[in-house]
2 protein chains.
Amino acid sequence: MTDETVSIQGMVCPVPLSHNDRIVMGHGSGGRMSHNLINRLFLNAFDNPALSASNDAARIQIDSATSLAISTDSHVVAPLFFPGGDIGRLAVCGTVNDIAMLGAQPLCLTAGFILEEGLELSVLERVVLSMKAAALEAGVQIIAGDTKVVQKGKADGLYINTAGVGSIPPNLDIGGQLAVPGDTVLLSGPIGDHGMAVLSARGELGFESDIQSDVAPLNHLVAAMLEASTRIHVLRDPTRGGLATSLNEIALQSGIGIIIDEESIHVSPSVNAACEMLGFDPLYVANEGKLIAIVAPNDADKILAAMRANPLGKESTIIGRVVEKPAGRVLMKTGLGSTRVVDMLAGEMLPRIC
Amino acid sequence: MTDETVSIQGMVCPVPLSHNDRIVMGHGSGGRMSHNLINRLFLNAFDNPALSASNDAARIQIDSATSLAISTDSHVVAPLFFPGGDIGRLAVCGTVNDIAMLGAQPLCLTAGFILEEGLELSVLERVVLSMKAAALEAGVQIIAGDTKVVQKGKADGLYINTAGVGSIPPNLDIGGQLAVPGDTVLLSGPIGDHGMAVLSARGELGFESDIQSDVAPLNHLVAAMLEASTRIHVLRDPTRGGLATSLNEIALQSGIGIIIDEESIHVSPSVNAACEMLGFDPLYVANEGKLIAIVAPNDADKILAAMRANPLGKESTIIGRVVEKPAGRVLMKTGLGSTRVVDMLAGEMLPRIC
């Protein structure tokens, strides 16, 4: 593997990882190119501990009693509407989930709209009503907003940024850097639905499909898990870059290895069929209503039971465990009994999935 | 004045105010069309007291000791660089200032980038370093971020959303609804520089000009004012829609009238010349480093002195006073001794100014 070509899942990705002088679609993939851009440019310039922790949300201490989780996400999904969701539902759930991944409950959201001249108001209204419904579902209010309009051809219908503030329960510390060898790795359900639902809405599957996005607010699921046990070390929602990329991020942050069991990771038959046809590995396909939990092994069963009792976690499974070595790597035991390295997504796979 | 044509500053604006079935540039102007869109669509759907207060930032109570100011702004200014600033400086200052308008000091910012495929990395780096410098100037950290990439032709270089959280000092209540008859209206300096600087960068002035944007973080100025007196009722930074629109917003929120004195409102000779050539009224041109303060009359002099002692307020003046009637209206005594109604910006004047 060199800087010039990157082999991933047997394919060669033509996009170099460094020395780019221009932004390419891969910089928005959520995989290694995104990480490199973030590390080299943003973390370097905006250097501070909350940002450098590189979790889904930043943690800040307001006073001795109050810690807040703060996060932001811009949403540029195309098309705006897809089976199971739309850009509005995604914008609310994306930020609610980032906040929930610190164990926090959302206090409020902000919403910034960039509208393209010529956008039908009825489309905007549908999106706004979907945001309203998703916010109600999550139990959060949208308390501040902003609207900008750009000329026709300078956006793609509309883009939505949401930022959110959540309240972290006292004495709770959850973060990607806190996995320790021996921990159990849980996953809240089958993977790949969101990414393939968006592709299907684009007509890129080439066949009819019943795939629905899993986009949903995970804060109530997280609350139920914390009710069962607070010995949850890491929470992460595997969005862009999929399960494989999120697990790699955690392995790097915690300096540990993760071994997962292929057979315990579920993929619906429709998603599986679509991935096979298109040559995608579901491990790299985005989810918007799933979470990974890395927990103390003795409490894994009761946390799993709490997950399964929640509608958004009813297909939860134990998918693996944390090991000391190889540090920073993710290995997978395949159905055939072999073990393979599961790398981070390198270049571009599914642009504008969220 | 009908729904179909709107007379403003003697010009007829061809854009109807209602029954639009599509987004037009005027919906992003910050004037009446923006207000109508926000009121009819967003406030209606996301109904909650913090949002409906319609201040630059929302106020939320975290616990008995802590109130936060929360705000968001997306930035789509074109071009990305202009005399005196750039989209990065604007993105930091815009949100810092919105937070400061509740009397709060910023605790942290988030930054969400939407990048157009093909953007030169050196451009992005310049913008990020400018954000870093502006954040340092304001004394705030950027603690969470997000990067999305859209295909070439689906954005215009880059767009930046910032959201921010600030801490409101205990027992302080500042908001657009709190002006009372008798209050004194202060303005922190000459108006119109930002808007005309952006126009000049677009080459739309048709002549060379030394106009520089006033874009700057106002939180330290606000802190100095609060040090002088906490009897500040309203703070607002007159951005899109200019001084005239901001004063009208306050008049409507507080249900009072405002009388301003034309001769006390300063406009630099360069801005004045440019406005005259292009037929703009500086009262409607955006500022990004100015504030309006409406204060208890007995404390106006000491607040004015504190403003003048700060580099960002050294040309501050008393520009008017709050009256009981006409409620919801702004009147201006002209240099010729007559009084005229100053309305809110109706349609579109300067697109993509911030």
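Contact here means heavy atoms within 4.5 Å. Among contacts in chain A between residues at least 6 apart in sequence, 81% join residues at least 24 apart. This is a predicted model, in which local features need pLDDT of at least 70, side-chain atom pairs count only at pLDDT 80 or more, and totals for chains, interfaces and linings use all residues. Residues are numbered from 1 along each chain as its sequence is written, chains are lettered from A and ligands numbered from 1 in the order in which they are written, and side-chain values use heavy atoms, with hydrogens and water left out.

**Chain A as a whole**

Chain A holds nine helices and 16 strands. Helices (H or I, at least four residues) and strands (E, at least two) are DSSP runs, numbered from the N terminus. The C-alpha trace of chain A spans about 55 × 50 × 45 Å along its principal axes.

Of the 354 residues in chain A, 63% are buried. Buried means under 20% relative accessible area, exposed over 50%, and partly exposed in between (1.4 Å probe, protein chains only). Chain A exposes about 12,600 Å², and carbon and sulfur atoms supply 52% of this area. Accessible areas come from the Shrake-Rupley method with a 1.4 Å probe; for residues, only the protein chains shown count as cover.

Chain A carries 24 positive and 38 negative charges, and their mean positions are 2 Å apart. Lys and Arg count as positive and Asp and Glu as negative, while His and the chain ends are not counted. The place of a charge is taken as NZ of Lys, CZ of Arg, CG of Asp or CD of Glu.

**Nonpolar cores**

In soluble globular proteins, nonpolar side chains tend to be buried together. A nonpolar core is a set of buried Ala, Val, Leu, Ile, Met, Phe, Trp, Tyr and Cys residues joined through side-chain atoms within 4.5 Å. The largest such core has 78 residues, of which Phe113(A), Leu124(A), Leu158(A), Met196(A) and Ile258(A) touch the most other members. Helix H4 (residues 121–138) of chain A gives the most to this core, with nine residues. Another core, of 77 residues, lies apart from it and includes Phe42(A), Ala111(B), Val123(B) and Cys275(B).

**Buried residues in helices and loops**

Ala286(A) sits in the loop between helix H8 (269–278) and strand E13 (292–295) of chain A. Ala286(A) counts as buried because its relative accessibility is 2%. Leaving aside neighbours within four places in sequence, the contacts of Ala286(A) include His194(A), Pro238(A), Arg240(A) and Ile353(A). Between Ala286(A) and Leu247(A) there are 39 residues in sequence and 13 Å in space, C-alpha to C-alpha.

In chain B, His194(B) belongs to helix H5 (residues 193–201). With 0% relative accessibility, His194(B) counts as buried. Beyond neighbours within four places in sequence, His194(B) is in contact with residues including Phe82(B), Asp214(B), Ala286(B) and Ile353(B).

Arg89(B) is part of helix H3 (residues 87–100) of chain B. Its relative accessible area is 15%, so Arg89(B) is buried. Residues up to four places away aside, Arg89(B) touches, among others, Ser130(B), Glu137(B) and Pro217(B).

**Backbone features**

| Residue | Phi |
|---|---|
| Ser54(B) | positive, about 55° |
| Asn171(B) | positive, about 65° |

Ser54(B) lies in the loop between helix H2 (49–52) and strand E3 (58–63) of chain B, and counts as partly exposed at 34% relative accessibility. Asn171(B) lies in the loop between strand E9 (158–168) and strand E10 (184–187) of chain B, and is exposed, with a relative accessible area of 83%.

A cis peptide bond, with omega about 0°, joins Lys325(A) and Pro326(A).
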